Amino acid sequence: MLFRSRIARCLEEAQESLGVAWLACDPTADGCAFLVCSGVPNLHEDDEDRLLQTLRAVQLIEVELSVAIGMNRGRVFAAPIGHPDRRTFSVTGDAVNVAARLMAHAKSGEVLITDATVTQLRLNWHTVQRPPVQAKGKIEPIRAHAVSRRPPTTEGMDQGFFFGREKEARRLQE
């Protein structure tokens, strides 16, 4: 599977440069499903942007099969799992399930992200709101945004030392 090796190479580079975690690659009926996270096991203040940069890089790879991507943020259970002789690190929880549901609703070549993700992005990503997604196991539809293929900008954003730390900056000024 040539497409898998191209995506794998991209994810390996992102692990090195952005600190994201590539946790799994599972075969599906029409290709592979990759589980990629940011914020586990190491946290960064811009985890959402780091992960979205990685997913956009995957989105832009020319492959033979459909690539549909879903992204969410939230609390997860993150730990080593499995028998002590064959243990692996993984994440599970509602945030992971919602990302998988978005992936299932994404069009080929599309990255869908949740409102919760959009509000935490530090770069100005170009997004377009999509119709809410009715997802299995959810009473309320999930508000989704498609991420444009255009690169993000920092236009109009405060890139100072306390970016995203307004509460802490106010405390220091008191």
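**Close-ups of a predicted model**

Trp22 counts as partly exposed, because its relative accessibility is 22%. Keep in mind that everything shown here comes from a predicted model.

**View 1. Trp22 and Phe34 make an aromatic pair.** This structure holds 1 aromatic pair, and here's how we describe such a thing: you give the distance of the centres and the angle of the planes. Phe34 is partly exposed, with a relative accessible area of 22%.

**View 2. A cis peptide bond joins Val40 and Pro41.** Most peptide bonds are trans. At the bond between Val40 and Pro41, omega is about -5 degrees. Look for Pro41 in the loop that runs between β2 (31-37) and α2 (47-59).

**View 3. Four strands build an open, mixed sheet.** Read across it and you get the order β3-β6-β8-β7. At the edges are β3 (69-71) and β7 (127-133), each pairing on one side only. From one strand to the next, the twist averages 30 degrees.

**View 4. β7 and β8 run antiparallel.** The two are joined by 5 bridges, with β8 covering residues 142-147. Val133 stands opposite Ile142 in β8.

**View 5. Helix α2 lies across β3, β6 (111-114) and β8.** Its direction runs at about 175 degrees to β3. Helix α3 (residues 94-105) packs on the sheet too, touching β3, β6, β7 and β8, at about 150 degrees to β3.

Key
Residues are numbered from 1 along each chain as its sequence is written. This is a predicted model: local features need pLDDT of at least 70, side-chain atom pairs count only at pLDDT 80 or more; totals for chains, interfaces and linings use all residues. Side-chain values use heavy atoms; hydrogens and water are left out. Two strands pair if DSSP finds at least two bridges between them. Axes are lines fitted to C-alpha atoms, for helices over the stretch in contact, and angles run from 0 to 180 degrees between N-to-C directions. Contact means heavy atoms within 4.5 Å. Rings of Phe, Tyr and Trp (its six-membered ring) pair if their centres lie within 6.5 Å; planes under 30 degrees apart count as stacked, over 60 as edge-to-face and the rest as tilted. Buried means under 20% relative accessible area, exposed over 50%, partly exposed in between (1.4 Å probe, protein chains only).
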